[in-house]
Amino acid sequence: MKIILNIWRQKNSSSPGKMVRYELGNVNEHMSFLEMLDVLNEELTRKGEEPVTFEHDCREGICGSCGFMINGIPHGPERGTTVCQLHMRHFHDGEELWLEPFRAKAFPVLKDLMVDRSAFDRIIAAGGYISINTGSAPEANSIPVKKQCADRAMDAAACIGCGACVAACPNASASLFVSAKIAHLGLLPQGEPERDRRAMRMVLKMTEEGFGYCTNTGECEAICPKGVKIENIAMMHRDFTRAVALFREESKAGGAG
Amino acid sequence: MGTIALNSGLERTAFFYQSVVGKKVVMAVTGSVLCLFVLGHMLGNMQIYQGAEKLNNYAAFLQGLGAGLWAVRLVLLACVGLHILSAYQLWRLKLDARPTPYVKKATVATTYAARTMTWSGPIVLAFIIYHLLHFTTGQAHPDFRRGDVYHNVIAGFSNPAASLFYIVANILLAIHLYHGVWSMFQTVGVNHPRYTPWLKRLSKAYAWVIGIGNVSFPLAVLTGIVK
């Protein structure tokens, strides 16, 4: 099948980019979208042109490396899938597609379709973890976890940090990503002790990194390749508000804990 | 984790408001007050269908509240002010958060109402200012008689241009509420698979009731149902 591609080409983060048109005549419908781009890149390399840069790693939809906009939708038109798991059979012969990078101030374009998502790492570093000493594995049933909480935490933990939620949001908000981590850890007994500080530190970091705010459009939830729900965003708002209202200093006389 | 120092109430409030979540919560809380006012305002005005005496007595009753009326007005004014301030600051953040626009952008789930909140809001604000000058203080009214609310409404809405502005503005208000009412709950953290579908229905019903109720007043005058 034949596919017409309009791809955002940008040399580096400081130079301006533009859409460039490519025609690809030998696309197999069983190819994944990234394999189709591999074919394009081989052609470009043969012609001595610069291949299109895009991020990818596992190509099985679990690492969160890949992702760009296809016709204005992150990861393309199919729901619940990353771009590496999107197959060309979902497009028709002769279809024209527009590919461009995720756009947000906090996600500067590095090259072509590749953006710098290290802002996500800095948000995680601000509080998206549990401070726990590692050692031998504890007895599995020593900490009871309510099944419903484990289920919700697991659903939130499905987030692969691809950044599609930011890309789809009209306000370039990272709320779905941040709230998924806040919900994932906050719903579990191991994460409960740091729940307040986590919400405060992660929300503040997200604001500092220049992400927008949530207007409850539900766009992120609709395009999330892992089906993370905006119910988590409500929990983040709840946790943050409660944490700021009830925050207490640590007691100086509280021991050397 | 490092420490966060919130030594005073002021620091606490500043920390809260500084974040994108805090500003949205301020929008939601002030919005909920305004939503309730809009409903009460519309229900009160329904008395126009019961005749001049009933409506004018209701107006006199409200005026007779004296300090109570001013307390309500000040609360509403504070809510409007905070709602607009946080909306403006959030709008600036939005412009800042995506400096390079998409060449092509599609939406999958966003409703028309959600997309146009930053448009319906300012237009409704312009309408409220006109509305106050029209029916409360009278500067924008051709034949304003203090205390004779019934007459003011009939005379005011007899001008089709004025009525048209009321109709358009109230449709926009309804669209604003269509997204806003549910959005308020989500922003303050109320989301549950059992109740959220009902809250979304409530939001739609609220918008329809307010929209139809408010648009009915100028239409009733223009069509001669109320004269």
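This is a predicted model: local features need pLDDT of at least 70, side-chain atom pairs count only at pLDDT 80 or more; totals for chains, interfaces and linings use all residues.
Which residue forms a salt bridge with Arg198(A)? I looked this up before anything else. The partner is Glu194(A), and the closest N and O atoms are 4.0 Å apart.

**Chain A, overview**

I counted elements next. Chain A has eight helices and seven strands. Its C-alpha atoms fill a box of roughly 70 × 40 × 35 Å along the principal axes. Of its 257 residues, 52% count as buried.

**Other salt bridges**

I took the total over all chains: the structure holds 20 salt bridges. I picked out several in chain A.

Lys111(A) and Glu50(A) meet through their side chains, at 2.5 Å from N to O. I placed Lys111(A) in strand S6 and Glu50(A) in the loop between helix H1 (33-46) and strand S3 (69-70), so this pair ties together parts 61 residues apart in sequence. Lys111(A) is partly exposed, with a relative accessible area of 22%. Glu50(A) is partly exposed too, with a value of 47%.

Glu231(A) pairs with Arg152(A) in a salt bridge, with 4.0 Å between the closest N and O atoms. Here helix H8 (residues 231-246) supplies Glu231(A) and helix H3 (residues 147-157) supplies Arg152(A), so the pair ties together parts 79 residues apart in sequence. I read Glu231(A) as partly exposed at 21% relative accessibility. Arg152(A) is partly exposed at 34%.

I also found a network of salt bridges. It links Lys2(A), Arg21(A), Glu23(A) and Glu96(A).

**A loop residue**

I looked at Ala106(A). It sits in the loop between strand S5 (95-100) and strand S6 (109-111) of chain A. Is Ala106(A) buried or exposed? It counts as buried, because its relative accessibility is 7% and the cut-off is under 20%. I took one distance from Ala106(A): Ser136(A) is 30 residues away in sequence and 39 Å away in space, C-alpha to C-alpha.

**Chain B, helix pair**

I turned to helices H8 (residues 160-187) and H9 (residues 196-222) of chain B. They pack at an angle of about 170 degrees, with axes 8 Å apart. That makes H8(B) roughly antiparallel to H9(B). I sorted the residues of this contact into 20 nonpolar, seven polar and two charged.

**Chain B, surface patch**

Which residues make the nonpolar surface patch of about 300 Å²? I listed Ile84(B), Leu125(B), Ile129(B) and Leu133(B). Helix H6 (residues 117-136) of chain B gives the most to the patch, with three residues. Ile129(B) is found in this helix H6. I noted Ile129(B) as partly exposed, with a relative accessible area of 47%.

How values were computed: Residues are numbered from 1 along each chain as its sequence is written. Chains are lettered from A and ligands numbered from 1 in the order in which they are written. Side-chain values use heavy atoms; hydrogens and water are left out. Axes are lines fitted to C-alpha atoms, for helices over the stretch in contact, and angles run from 0 to 180 degrees between N-to-C directions. Helices (H or I, at least four residues) and strands (E, at least two) are DSSP runs, numbered from the N terminus. Angles under 35 degrees count as roughly parallel, over 145 as roughly antiparallel, 65 to 115 as roughly perpendicular and the rest as oblique. Ala, Val, Leu, Ile, Met, Phe, Trp, Tyr, Cys and Pro count as nonpolar, Asp, Glu, Lys and Arg as charged, and the others, Gly among them, as polar. Patches are made of residues with over 30% relative accessible area and no salt bridge: like charges are joined within 9 Å, nonpolar side chains (Val, Leu, Ile, Met, Phe, Trp, Tyr) within 5 Å. Accessible areas come from the Shrake-Rupley method with a 1.4 Å probe; for residues, only the protein chains shown count as cover. Buried means under 20% relative accessible area, exposed over 50%, partly exposed in between (1.4 Å probe, protein chains only).
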